[in-house]
Amino acid sequence: MLKKKIYTIILMLIISYSCSSQEVNESKFNFFAEQFEDIKVLRYQIPGFDELTLKQKKLVYFLTEAGLAGRDIMYDQNYRHNLSVRRALENIYTKYEGDKENKDWKNFEIYLKRIWFSNGIHHHYSNDKFDPVFSDIYLNYLLSETETVLNTDAFNIIFNEKDSKKVNLDASKGLVIGSAVNFYGEDITVDDVENFYNNVNSHDPSKPLSIGLNSKLVKDDGKTIERVWKQGGMYSASIDKIIYWLEKAKSVSENEKQAEAFGLLIKYYQTGDLKTWDDYNIAWVETTEGDVDYINGFIEVYNDPKGYRGSYESVVQIKDFEMSKKMSALSKEAQWFEDKSSIMESHKKKNVVGISYNTVNVAGESGDASPSTPIGINLPNANWIRADHGSKSISLGNILYAYENAGSSGRLEEFAFSDEEIELEKKYGKEGDKLHTALHEVIGHASGKINEGIGTPKETLKSYASALEEGRADLVGLYFLPDPKLEEIGVSPSAKDMGRASYDGYIRNGLLTQLIRIKLGDDIEESHMRNRQMVSKWAYEKGLDDNVIEKVVRDNKTYFVINNYEKLRVLFGKLLREIQRIKSEGDYEAGKNLIENYGVKVDQELHIEVLRRNAKFTSAPYSGFINPELVPVFNESNEITDIKITQPKDFATQMIDYAKKYTTLPDYN
Ligand SMILES: [Zn+2]
């Protein structure tokens, strides 16, 4: 469940740092591809790809091909009829030449797009089977018009009530029998699963194997057995191709450790051996050098109602070179920032070390990670490997950026007070956000020390610890954003302007726009949101006498306008000093008062207004991505001389293209 957790955590991070860029769309790149039902399909770019060597580009290309080679697996894992339904409908989609303007055809198209988006006929999030909205008579007509064959069982399940839930977590309906997911034979019950795994022991209890991760559990002659997903086993045809591309990737590895990991992953796919899977994960987590990284395998188990079996997925990533440069420039100066901070001398660290934070850019996704994608990844899942060998935690920078920049244009104009504020935001907002994130992570969380004899914040500040900690890290960023030091070390083009843009964005979000995420009448619960409102409201209130931030109502619309950036910086410094004191001394009462008085309650009238002003910007609740296409360029001797990136024409074009290129499995497995 780790990935799930990280989705939420990283989502909070977006809320927390990226308010301003969420409101702009300054780039000419069109992130939005299309929208249907409750789905929005977006595009993303691959920043940094051109900085890779040819060898590294090949590595990225081979890994994305390996990922796509397993694409069919995810369909079959989700439901046993998915591949035959998808293929029949794709055949109709490409061959039908009749009326495409009527409602039935439109509904047919939407149904197929929903299947593509969810890798099957069940909703990717709610797990409910889709309602086709066209009739069985119409589907029969399309099938015969296009000479497409679909077997009776698969035809019927589109329209009947059978297998209505992909993953059923209501035990009264039977976790296994009640779930349509294709991880268990149709006659396997919860008892069968439990009996089977009660008899399987890990050879070493301190290093438990991920039993059941890579197989389907079935009955064979009355005996329960695993059909293992490996070369020569179930899904062999896909796995052969995955191995083919992994071998190629191995031949262009960036370093020894990476090559060793590829070797182990190949061996695992060949044997299905779960000890080899653990060995691979250890080698993978220890591969820390290099600019290219990836995930490939049967990984997250939340599609299995019993939590054993992993869904196939692949993500290929390259280092975020721009962010890495910023991080290391800041990290080198960590002591300078500590010494110049507004916190009390006695709370400063004598030897502060910057915290590293990993952001990458995605180059391709497949299986469970596509089109609906994670925005952060924290792996491996085995707890003992995490404890003994560590883990990798990354945030997918270009995916986050695409989310933030798709389809929300106009929101900045709605909530910013003046043209000047809008201009500054457009010019510096995005860069400023990145820099704020870097300062928050590398300098903010690393700064300050706890007095001797005082417990950890979790013990002393209890439920307020994380909101206060996020507030502290945000304030370190805010305090230094306008500092000329940032120009000096080459991370900011103009500390003054970028500082202004960041202050505008922070206040605008903390007092207005973040309220769009809260239901009317609710308090703010989430730590990052609490911290943002707390910081903004406190600064507004404490600056009232000097009119530092002014509340202006114009045409029935409320704005918060910063009149004095220098004084606001001083206020941020004061609050930082106070929150560091609270943390250093473990002052629960003071911490509680700050959060409760400034971070929790929402001004109801203002909330109604914000929701009203935002209503015109709301869009589909779920988003996912089409992948950029990596196109190899060959010379006369058939060697790859370059890899070019192009964007697919649209969602359907890419899906049909994938179906042609990456059909690796039979209809039933
Ligand atoms: Zn943080």
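This report walks through a zinc site, a strand hairpin and a helix in a predicted model.

**The zinc site**

Let's start with the metal. Three protein donors hold positions 2.0 to 2.1 Å from the zinc ion: His 440 (NE2), His 445 (NE2) and Glu 470 (OE). Along the chain, these donors of the zinc ion are spaced as H-x4-H-x24-E. His 445 sits in the loop between α18 (419–444) and α19 (457–460), while Glu 470 belongs to helix α20 (residues 465–480), so this pair ties together parts that are 25 residues apart in sequence.

How covered are the two residues of that pair? The table gives the values for His 445 and Glu 470.

| Residue | Relative accessible area | Class |
|---|---|---|
| His 445 | 22% | partly exposed |
| Glu 470 | 12% | buried |

The cut-off for buried is under 20% relative accessible area, so Glu 470 at 12% counts as buried, whereas His 445 at 22% is partly exposed.

**The hairpin**

Next come two strands. Strand β3 (residues 215–220) and strand β4 (residues 223–228) run antiparallel and are joined by six bridges. One of the residues involved is Leu 217, whose bridge partner in β4 is Glu 226. Two residues lie between the strands of this hairpin, and Asp 221 takes a positive phi near 55 degrees there.

**Helix α3**

Finally, a look at α3 (residues 54–69). With 16 residues at 1.5 Å a residue, helix α3 should span 22 Å, and this agrees with its end C-alpha atoms, which are 22 Å apart. Helix α3 is also mostly covered, as 13 of its 16 residues are buried.

Terms used. Residues are numbered from 1 along each chain as its sequence is written. This is a predicted model: local features need pLDDT of at least 70, side-chain atom pairs count only at pLDDT 80 or more; totals for chains, interfaces and linings use all residues. Side-chain values use heavy atoms; hydrogens and water are left out. Donors are N, O and S atoms within 2.8 Å of the metal (3.2 Å for Na, K and Ca); water is not among the atoms, so sites may look incomplete. Helices (H or I, at least four residues) and strands (E, at least two) are DSSP runs, numbered from the N terminus. Buried means under 20% relative accessible area, exposed over 50%, partly exposed in between (1.4 Å probe, protein chains only). Two strands pair if DSSP finds at least two bridges between them. The expected span of a helix is 1.5 Å times one less than its number of residues.
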